[in-house]
Amino acid sequence: MPATAEARTREQRSPTTPLLYRVAATERETSESVTLTLEPTADAIGPVAPGQFTMLWTWGIGEVPISASAITGTSGLVHTLRDVGAVSRSICSKQPGDVVGVRGPFGRGWDIDAARGCDVVLVAGGIGLAPLRPVVHAILAERNAFGAVSLVVGARSAADLLFRAELDGWWHGGSISVRTVVDRATRNWHGSVGVVTHELPRVSFDPPRTVAMLCGPEVMMRMVALDLLDRGVPAGHVALSLERNMQCGARLCGHCQLGPHFVCTDGPVVGWDLAEPLLKVREL
């Protein structure tokens, strides 16, 4: 099919249409996290933007929402997921040549263009680094378009840090400031121990012209957002990714409803002005 006709077909196809993808490569990130590179067996879904997600499904078990952990610029997909349930366990066990189902892309992603000319603060907790990784890639590809860039990453232990080699490369490269902190230290860990908010006072940025992007446990994002606001970052410059239980991707099933909003369509990336009153509600 000619390239223009193929692009037109992808634009017309509904993101809810399930398509088959073959596992092209797997990489074990941690004891419970795997990065899968997927290639379409025939038709491909539309292009995925940083912060958007797809629904990955496996026969007879179910499907899970997984954000893109890299943007390939082709029809391929890169997803990093944790083995935390029956569906994710099945997908994590896939090997090159195995086939999975994909629907998408869904949701709103990171507004990287809004960060141009600004200092950027990225804060990730655990698997939350995966949706922010494409933002780092985009910034490094046009480094001169941004001000000071800082990445703060928290994990349970050093063994739970995602993309360890890449993190080391970013740190040694010097183009961005990288700070890592773990909940508990092991014998070979010489970095910070604690929570990500303990690292924020060591991060330099110009608050009025800073854009922040947060992804991780909701309690972490809430505390980080409040800390950034206390330092003078405008509320409208703080965005966070709400990784709720998304099932349909089209605000029909209600699984991801958060107050009057649906994370699958109103998010997963939302502004602090939308998230702040909702994250105050216990058990919502």
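1. Second largest pocket, lining make-up: 11 nonpolar, 4 polar and 3 charged residues. Here Ala, Val, Leu, Ile, Met, Phe, Trp, Tyr, Cys and Pro count as nonpolar, Asp, Glu, Lys and Arg as charged, and the others, Gly among them, as polar.

2. A word on the source. This is a predicted model, where local features need pLDDT of at least 70, side-chain atom pairs count only at pLDDT 80 or more, and totals for chains, interfaces and linings use all residues. Numbering runs from 1 along each chain as its sequence is written, and side-chain values use heavy atoms, with hydrogens and water left out.

3. Now the largest pocket, with about 1000 Å³ of space. (A pocket is an open set of points on a 1 Å grid over the protein atoms alone, where a 1.4 Å probe fits, with protein on both sides within 12 Å along at least five of seven lines; lining residues have an atom within 4 Å of a point. Points are joined across faces, edges and corners, and the volume is the space filled by probe spheres set on them.) Its lining has 41 residues, with Arg 82, Gly 125, Gly 126, Ile 127 and Gly 128 nearest the centre. By class, that lining splits into 17 nonpolar, 15 polar and 9 charged.

4. Back to the second largest pocket: it holds about 270 Å³. Asp 111, Gly 236, Val 238, Ala 239 and Gly 271 are the closest to its centre among 18 lining residues.

5. Finally, Val 100 is buried, at 1% relative accessible area (buried means under 20%, with a 1.4 Å probe and protein chains only). Beyond four places in sequence, its contacts (heavy atoms within 4.5 Å) include Trp 57, Trp 59 and Lys 94.

Definitions and conventions
Buried < 20%, exposed > 50% of the residue type's maximum accessible area, 1.4 Å probe, protein only.
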